[in-house]
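Please walk through this protein with the sequence and the model side by side. The text below moves from the domains to the strands within them.

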Amino acid sequence: MKQQANLIRAGQVIEHDGRRWTVLKQQIITPGKGGAFIQVEMRDLNTGNKTNERWRTADTVERLMTEDKDYTYSYEDGDNIVLMDPETFEQVMLHKDFFGDQLPFLQDNMELNVKLVEGDPVGVSLPPHVTLEITEADPVVKGQTASSSYKPAMLSNGVKTMVPPFIESGERVVVRTDDASYVERAKN
């Protein structure tokens with residue numbers, strides 16, 4: 001379906017120059033002189049190449065409709081991740097690059113949401129939060145104010161994050177999957 005370029009949002013799938021692209025970022029720029037335009041960073045769904053494109057806000061682009069389907073993470077097979085449809089038990093293989101920065105947060109039997117265009121996967125969404133263990137945490141430096149100071153820590157999946165000073169090595173914490181930021185201590 002056609003839509004105005006100024007309505008493009010991250011996560012949408014568009015068709016441009018005969019190819020399918022997923023939108024990574026968009027920014028509307030209003031220069032001091034002349035009309036506004038939209039700057040879009042997007043990735044080719046077939047090749048994985050990124051590009052930037054500019055459109056005037058009045059231009060139209062072809063937006064492809066996506067269907068959401070839930071899958072369960074099964075296992076890793078070389079450079080691929082194997083997902084299973086919980087209803088039909090069919091397996092789907094996706095390349096690790098498909099997950100981007102969220103790959104380290106995959107956990108056994110995790111429920112994932114996969115966006116499909118005409119049956120082809122175009123995007124994956126992990127749950128917003130996961131619970132992980134702190135494997136390393138720097139000691140607290142005396143004299144720091146507790147309200148604004150965070151210290152570096154290493155999560156059990158190898159990702160670095162910043163945690164409050166009272167968190168010690170061995171504790172379980174809840175972190176966001178999109179940016180690995182600390183949310184809270186795990187309740188269980």
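In this predicted model, the centres of domain 2 and domain 3, taken over C-alpha atoms, are separated by 28 Å. Five residues of domain 2 and 10 residues of domain 3 take part in the contact. The domain assignment places domain 2 at 66-125 and domain 3 at 129-185, with domain 1 at 2-63.

The size of an interface is often given as the accessible area lost when the parts come together. Between domain 2 and domain 3 the buried area is about 560 Å², and carbon and sulfur atoms give 63% of this area. As for polar links, two residue pairs are in polar contact between domain 2 and domain 3, both at pLDDT 80 or more. The count of salt bridges between domain 2 and domain 3 is zero.

Next comes an open sheet. Its five strands pair in the antiparallel sense and follow the order β14-β13-β12-β15-β16. β14 (160-163) and β16 (182-185) are the edge strands; each has a single partner strand, so one side of each lacks a neighbour in the sheet. From one strand to the next, the twist averages 50°. The partner of β16 is β15 (residues 172-176), and three bridges join this antiparallel pair. Within the pair, Val173 lies opposite Arg185 of β16.

Strands of a sheet pair through backbone hydrogen bonds, either parallel or antiparallel. Another antiparallel pair is formed by β2 (residues 13-16) and β3 (residues 19-29), which share four bridges. Glu15 stands opposite Arg20 of β3. The two strands make a hairpin with two residues between them, and in the turn Asp17 has a positive phi of about 55°.

β3 also pairs with β4: the two run antiparallel and are joined by eight bridges. Thr22 has Arg43 of β4 as its bridge partner. β4 spans residues 37-44 and includes Gln39. What does the side chain of Gln39 make a polar contact with? The partner is the side chain of Arg54, at 2.6 Å. Leaving aside neighbours within four places in sequence, Gln39 is in contact with Lys25, Gln26, Gln27 and Ile29, and also with Asn52, Glu53 and Arg54.

Technical notes. Residues are numbered from 1 along each chain as its sequence is written. This is a predicted model: local features need pLDDT of at least 70, side-chain atom pairs count only at pLDDT 80 or more; totals for chains, interfaces and linings use all residues. Side-chain values use heavy atoms; hydrogens and water are left out. Two strands pair if DSSP finds at least two bridges between them. Axes are lines fitted to C-alpha atoms, for helices over the stretch in contact, and angles run from 0 to 180 degrees between N-to-C directions. Domain bounds come from an automatic or database domain assignment. Contact means heavy atoms within 4.5 Å. Buried area is the accessible area (1.4 Å probe) that two parts lose on being put together, summed over both. A salt bridge is a side-chain nitrogen of Lys or Arg within 4 Å of a carboxyl oxygen of Asp or Glu. A polar contact is a pair of N or O atoms within 3.5 Å; within protein, one must be able to donate a hydrogen and the other to accept it, and residues adjacent in sequence count only if both atoms are side-chain atoms.
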